[in-house]
Amino acid sequence: MITIIDYGAGNIKSIQNMLKKIGVMSEITKDASVVKNAKKIILPGVGHFDHGMKNLKNSGLIDILSQKVKFEKTPFLGICLGAQLLGNKSEEGIEEGLAWIDMDIVKFDKSKMLGQQKIPHMGWNRIQIMKNGTLMKGLESEDTRFYFVHSFHMLPKLKESVLTSTYYGYEFVSAVQQDNIFGVQFHPEKSHYFGMQMLKNFIELN
Amino acid sequence: MVYMNRLIPVLTMSNSKLVKTRCFKKPNYIGDPINAVKIFNDKMVDEIILLDITATNEGREPNYAKIEEICSEAFMPFAYGGGVRSLDQIQKLFQLGIEKVVLNSILAENLGLVKEAVAIFGSQSIIASVDVKKNILGKYYAYTHSGTKKVKMPIVEYIQILEKAEVGEIFLNSINRDGTYKSYDLNLIKLLSELIDIPLVACGGAGELGDFKKGIEAGASAVSAGSFFIYKRPHQAVLISYPTQKEISILNFNK
């Protein structure tokens with residue numbers, strides 16, 4: 001059973017549709033007592049950093065989520081904005097993030113880009129796996145691609161937090177990991193077989 | 001490393017039936033959209049745009065039940081357009097699993113609502129659809145209401161107003177080329193893509209794989225087609241297809 005956090009920011013239905021396709025039960029909740037018993041947690045998210053963070057605060061779920069993730073080591077996956085919220089702060093807004101992973105969220109720096117890439121980065125792109133582990137198992141092939149839509153990206157302070165990187169004008173961090181906490185900038189729920197494989201891997205985590 | 005340009009099948013439907021037009025006329029019944037989406041899913045297409053082309057003119061709401069059914073089988077980015085006139089409708093579509101909402105007739109009628117939608121849901125989720133007809137003097141005009149209502153403003157002005165409203169993408173369809181396989185209107189793509197910074201998705205006229213490359217070279221950020229992916233020529237038999245990644249890479253389509 002996967003617990004998907006409903007805090008009013010994100011395309012929750014697509015995640016549930018894909019989990020259903022791979023035969024995994026999921027529940028969508030904003031109820032702390034449900035989160036308390038969660039075995040695995042997904043935090044979706046689309047939109048503005050401040051909007052997402054305020055909604056998450058208003059949901060009253062941050063304490064129980066911290067308890068689960070930090071003390072019980074429940075596997076946790078943030079997707080897109082849900083991954084960015086794991087950081088300390090974002091150039092997109094003024095709200096403080098969850099600060100579970102030591103990173104800032106920064107806007108794509110046009111001055112560093114080799115080429116005339118448009119922002120947002122919208123479309124399919126490859127990943128380079130920087131750290132071995134369960135989440136990206138079976139996704140090492142060159143054919144692997146994921147769907148991205150974002151204008152801001154994660155910038156971890158520690159190299160050990162980098163799970164994958166992706167090239168868009170320059171190399172940026174497209175997935176992070178620290179122990180049981182994962183964050184992916186791309187949308188596995190919209191990335192066909194590749195997303196299904198990644199979500200299966202997430203389910204297999206202990 | 002390369003960045004991949006998107007290649008997008010466009011499905012047009014009338015309420016719940018999949019149809020394909022030629023020059024926005026003579027809708028030909030194809031089948032159930034869910035079957036087409038399932039096949040496109042197996043072929044791992046980059047994205048799908050689904051348009052209900054009669055909703056606005058018939059004063060209908062989007063067919064939410066059908067859209068929800070289709071979304072449950074769509075594991076790629078999915079855009080829907082047709083009959084969308086309010087923020088509540090947009091909200092509802094996102095809840096069903098749609099990523100992007102395509103707006104067309106409302107663009108010329110209520111730009112304020114478009115701006116509100118962008119502020120609430122983000123630019124990346126709002127596509128402005130611009131159907132263009134070239135008149136006998138060779139002049140381009142945008143049309144709304146499935147090609148029946150002319151936007152009097154010059155097209156270059158219209159497209160820039162849409163960009164200022166901060167829509168995420170422009171979906172540009174050539175009415176003259178729709179279903180003709182005569183290739184994209186490359187002059188039109190060039191003219192408009194040079195005016196804007198946001199991605200332009202070209203549609204209308206793709207007849208062979210090489211047309212996609214030409215569309216990108218003319219300035220489109222993504223290329224799309226209807227008939228090309230739905231029919232097998234020369235007899236126009238219904239056969240859903242999509243090039244393999246290998247076929248796309250041979251084209252050197254990625255730039």
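Here is a short tour of a few spots in chains A and B of this predicted model.

Let's start with two helices of chain B. Two packed helices are described by the angle between their axes and the distance between the axes. For helix α2 (residues 64-71) and helix α3 (residues 87-96) of chain B, the axes come within 9 Å and cross at roughly 30°. Since angles under 35 degrees count as roughly parallel, α2(B) is therefore roughly parallel to α3(B). Here is who meets whom, helix by helix:

| Helix | Residues in the contact |
|---|---|
| α2(B), residues 64-71 | B:Tyr64, B:Ile67, B:Glu68, B:Cys71 |
| α3(B), residues 87-96 | B:Gln89, B:Lys92, B:Leu93, B:Leu96 |

Sorted by class, this contact has five nonpolar residues, two charged ones and one polar one.

Staying in chain B, take a look at B:Thr21, which sits in strand β2 (residues 17-22). Is B:Thr21 buried or exposed? B:Thr21 has a relative accessible area of 9%, so it counts as buried. Its side chain makes a polar contact of 2.7 Å with the side chain of B:Asp178. Setting aside neighbours within four places in sequence, B:Thr21 also touches B:Lys26, B:Pro27, B:Ile53 and B:Gly179, along with B:Asp178 itself.

Now over to chain A and its helix α4 (residues 62-71). Which residues of α4(A) are buried? They are A:Ile62, A:Ile64, A:Leu65, A:Ser66, A:Lys68 and A:Val69. These buried residues pack against several elements of chain A, including the helices α2 (32-36) and α3 (49-59) and the strands β1 (2-5) and β13 (181-184). After α4(A) comes A:Lys73, with a positive phi near 55°.

Key. Residues are numbered from 1 along each chain as its sequence is written. Chains are lettered from A and ligands numbered from 1 in the order in which they are written. This is a predicted model: local features need pLDDT of at least 70, side-chain atom pairs count only at pLDDT 80 or more; totals for chains, interfaces and linings use all residues. Side-chain values use heavy atoms; hydrogens and water are left out. Axes are lines fitted to C-alpha atoms, for helices over the stretch in contact, and angles run from 0 to 180 degrees between N-to-C directions. Helices (H or I, at least four residues) and strands (E, at least two) are DSSP runs, numbered from the N terminus. Angles under 35 degrees count as roughly parallel, over 145 as roughly antiparallel, 65 to 115 as roughly perpendicular and the rest as oblique. Contact means heavy atoms within 4.5 Å. Ala, Val, Leu, Ile, Met, Phe, Trp, Tyr, Cys and Pro count as nonpolar, Asp, Glu, Lys and Arg as charged, and the others, Gly among them, as polar. Buried means under 20% relative accessible area, exposed over 50%, partly exposed in between (1.4 Å probe, protein chains only). A polar contact is a pair of N or O atoms within 3.5 Å; within protein, one must be able to donate a hydrogen and the other to accept it, and residues adjacent in sequence count only if both atoms are side-chain atoms.
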